[in-house]
Amino acid sequence: MKKVLMLALALGLVLAGSGRAFAQDIRYNFDKQADFTKFKTFKWVVIKGGKHVNDLVDQQIRAAIESELALKGLVRTDADNADLYIGYQAAVDSEKQYNSFDTGWGYGPGYGGGWYGGGGMSSSTTTSTTIYIGQIAVDMYQVSSKSLVWRGNATKTIDTKAKPEKQQKNLAKAMTKLFKNYPPPVKK
């Protein structure tokens, strides 16, 4: 019975840990002096020196961002006199995740390292997986003041190993979360 409880606990810990590993992390910051009610139009710009993705992913990212901005009342234009210039950077990296569980029972010194050492059975299980971390940083520049007024970051958004439908779904979900608080709430 004790082994069954230990295995159930181990499985629960592994599942809880893996759920967090794939959660999207959303952060944003903004210029508290900017009047976001005045922004009605935007134009895409390329951030020089920024990390970029292939053309297909670029189209998907822009479409997801444009969709959210349209819901917020912003209209895309190609005119240089847009209210906002918007650019983004994207990065896709990978890292190894190791999940390990040890029963904690085994041979070793006892209390104080003396004669009280004990022994027992020990088992350890380790698995590794590759996690693809795709981050998108979206910058909004107020054209009239030539200043950054809003920046948002979404991590764990792009997974180049996923099927196209899954990629699009993750991207749309991340952009919805990212622009949830745009325009920023006005504090009185």
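The model is predicted: local features need pLDDT of at least 70, side-chain atom pairs count only at pLDDT 80 or more, and totals for chains, interfaces and linings use all residues. Residues are numbered from 1 along each chain as its sequence is written, and side-chain values use heavy atoms, with hydrogens and water left out.

**Figure 1. Overview of the chain.** The chain contains three helices and six strands, in the order α-β-β-α-β-β-β-β-α along the sequence. Helices (H or I, at least four residues) and strands (E, at least two) are DSSP runs, numbered from the N terminus. Of the 188 residues, 28% are buried; buried means under 20% relative accessible area, exposed over 50%, and partly exposed in between (1.4 Å probe, protein chains only). The accessible surface is about 12,600 Å², and carbon and sulfur atoms hold 56% of this area. Areas come from the Shrake-Rupley method with a 1.4 Å probe, and for residues only the protein chains shown count as cover. Among contacts (heavy atoms within 4.5 Å) with a separation of 6 or more, 75% are between residues 24 or more positions apart.

**Figure 2. The largest nonpolar core.** A nonpolar core is a set of buried Ala, Val, Leu, Ile, Met, Phe, Trp, Tyr and Cys residues joined through side-chain atoms within 4.5 Å. The largest one has 28 residues, of which M175 and F179 touch the most other members. Two or more residues each come from strand 2 (41-44), helix 2 (55-71), strand 4 (84-102), strand 5 (124-142), strand 6 (147-155) and helix 3 (164-178). Helix 2 gives the largest share, five residues. Beyond its neighbours within four places in sequence, F179 has contacts with I65, E68, L69, K72, V138, M140 and W150. In soluble globular proteins, nonpolar side chains tend to be buried together.

Figure 3. On a 1 Å grid over the protein atoms alone, a cavity is a set of points where a 1.4 Å probe fits but cannot get out, and lining residues have an atom within 4 Å of a point. Grid points are joined across faces, edges and corners, and a volume is the space filled by probe spheres set on the points. The structure has one cavity of 30 Å³ or more. The largest cavity holds about 50 Å³ of space. Its lining consists of V57, Q60, T157, I158, Q167, Q168 and L171. Helix 2 and helix 3 each supply at least two lining residues, and helix 3 gives the most, with three. Three lining residues are nonpolar, four are polar and none is charged. In this count Ala, Val, Leu, Ile, Met, Phe, Trp, Tyr, Cys and Pro are nonpolar, Asp, Glu, Lys and Arg are charged, and the others, Gly among them, are polar.

**Figure 4. Q135 and T155.** Q135 is in strand 5, and T155 is in strand 6. With the corresponding neighbours left aside, T155 is in contact with Q24, D25, G134 and Q135. T155 counts as buried because its relative accessibility is 14%; Q135 has a relative accessible area of 34%, so Q135 is partly exposed. The C-alpha atoms of Q135 and I158 are 6.7 Å apart, at 23 residues along the chain.

**Figure 5. The loop between strand 5 and strand 6.** This loop includes S145 and K146. The phi of K146 is near 55°, a positive value in a residue other than glycine. K146 is exposed because its relative accessible area is 76%, whereas S145, at 40%, is partly exposed.

**Figure 6. The segment after helix 3.** P183 and P185 both lie in this segment. The peptide bond that joins Y182 and P183 is cis, with omega about -5°. Most residues other than glycine have a negative phi, and most peptide bonds are trans. P185 has 45% relative accessibility and therefore counts as partly exposed. P185 and F36 are 149 residues apart along the chain, and their C-alpha atoms are separated by 9.7 Å.

Note on methods
On a 1 Å grid over the protein atoms alone, a cavity is a set of points where a 1.4 Å probe fits but cannot get out, and a pocket is an open set with protein on both sides within 12 Å along at least five of seven lines; lining residues have an atom within 4 Å of a point.
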